[in-house]
Amino acid sequence: MTAFKTLDDADLSGKRALVRVDLNVPMEDGKVTDTTRIDRILPTIREMSAKGAKVVLLAHFGRPKGRDDKNSLKQVVPALAHALGQPVTFVSDCIGEDVAKAVSGAKNGEVLLLENTRFHAGDEKNDPDFVKALAANGDLFVNDAFSAAHRAHASTEGLAHVLPAFAGRTMQAELEALSAGLDNPARPVMAIVGGAKVSTKLELLGNLVRKVDVLVIGGGMANTFLAARGVGVGKSLCEHDLAATAREIEEKAKAAGCEIMLPVDALVAREFKAHPGHRVVQVSEVAADEMILDAGPLSVAEVVLKLNSVKTLVWNGPFGAFELPPFDTATVTVAKAAAKRVKAGTLVAVAGGGDTVSAMNHAGVADDLTYVSTAGGAFLEWMEGKALPGVEALRKR
Ligand code: AMP
């Protein structure tokens, strides 16, 4: 990777390194319930600690309006220290005298976690004075929080302009994977966009039709496209008011030479619940009181066949209501087909955003795809073709 400086370019020994990480982990009764985000930042922390840096972690937690115990990062310390296998010193602010003392008194290799950056309004405002106050306790800045990179905040963007800035290992892996997915992909490229609604993914679809060779539309979104083509979708989730928009996207795709694939058959049911009693029908045969809840076997076979002819896959959103079996079938079948080709070394497959991570976990392929991004908003903005401020600020100048 040439566009960004990485830890390979950083002189870390004895340096005070401010490291922006994502510790916005789910908690219940004061305990971390899912350590995925903690696990992802361990390589960066361990490497920097081993190279003798004073590793000073910066992160936000929740959406506090000022200081409050509920959003204190102190509660994350036990889980972080446990995962790291090393003590973590907590400092109850992220700027000021106490931080300066703790950092200057730390030994090389020591790991410190500073209090929630969002306890200060200056973080989200990217206030230059707050950036200066943060920077006062660092010799260099490492950003390992791709998931926060779509925000131009002091701790995600501002710091990169005032200190030598480097991508951490997780950020680096994410950027390399995303670049292989859309910026510089092996062609042909297929995108799968599923999920509930077209309205939340308009920009994403608009960008993808210009960039990919095949766009597979699944989930509730497909119903809107089918309805726009004049197909009766019964009681299915469908944004009828977006029919014209769906037709425009189809036109744009045609003009750009992007093939759009919609389901040709579906699993339909009368109730939105698990195992409700369902039938498989052609999309033209959905009854007025039925809902399309997953793509049918013919559609899945068509997608898998097409998938076998592409070199790159970018995926956001499930094919159906995957939380309710059997409407997970299409998502699981296509995910497994993709994983098989990734394992064989013939496909680059990048998936992410919102429910996609849990869909891939459900399919048991999260570790078998090339990359599954846990970043929600940042992943979607990247798929929309937007520049992410936290990433742009890291570019070599
Ligand atoms: P999103 O957050 O846009 O990726 O949407 C994910 C959600 O879409 C999941 O909770 C799915 O249950 C839901 N979904 C996907 N397909 C359908 C469908 N055909 N009908 C209703 N909900 C669906």
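R270 is exposed, with a relative accessible area of 53%, where exposed means over 50%, buried under 20% and partly exposed in between (1.4 Å probe, protein chains only). This is a predicted model, in which local features need pLDDT of at least 70 and side-chain atom pairs count only at pLDDT 80 or more, while totals for chains, interfaces and linings use all residues. Residues are numbered from 1 along each chain as its sequence is written, and side-chain values use heavy atoms, with hydrogens and water left out.

R270 forms a salt bridge with D289, the closest N and O atoms being 2.7 Å apart; a salt bridge here is a side-chain nitrogen of Lys or Arg within 4 Å of a carboxyl oxygen of Asp or Glu. Because R270 lies in the loop between strand 12 (265–269) and strand 13 (278–282), and D289 in the loop between strand 13 and strand 14 (291–295), the pair ties together parts that are 19 residues apart in sequence. Helices (H or I, at least four residues) and strands (E, at least two) are DSSP runs, numbered from the N terminus. D289 is partly exposed, at 32% relative accessible area. By the salt-bridge rule the count comes to 18, and bridges that share partners join D8, E47, K51 and R169 into one network.

A contrasting case is E174 in helix 7 (residues 169–183), which is buried yet has no salt bridge, the nearest side chain of opposite charge, R40, being 4.7 Å away. In counting charge, Lys and Arg are positive and Asp and Glu negative, whereas His and the chain ends are not counted. E174 touches F146, Y371, S373, A375 and F379, leaving aside residues up to four places away in sequence; contact means heavy atoms within 4.5 Å.

Turning to the strands, strand 6 (residues 111–114) is covered on both faces, with V111 and L113 buried on one side and L112 and L114 buried on the other. In a regular strand the side chains alternate between the two faces of the sheet. Strand 4 (residues 54–58) pairs with strand 6 in the parallel sense over 3 bridges, pairing requiring that DSSP finds at least two bridges between the strands, and V56 stands opposite L112.

In helix 5 (residues 128–135), F130, V131, L134 and A135 are buried. They lie on the same side of helix 5 because they cover an arc of only 135 degrees around the axis, the arc being that of the directions from the helix axis to the C-beta atoms. On the other side of helix 5, D129 and K132 are exposed.
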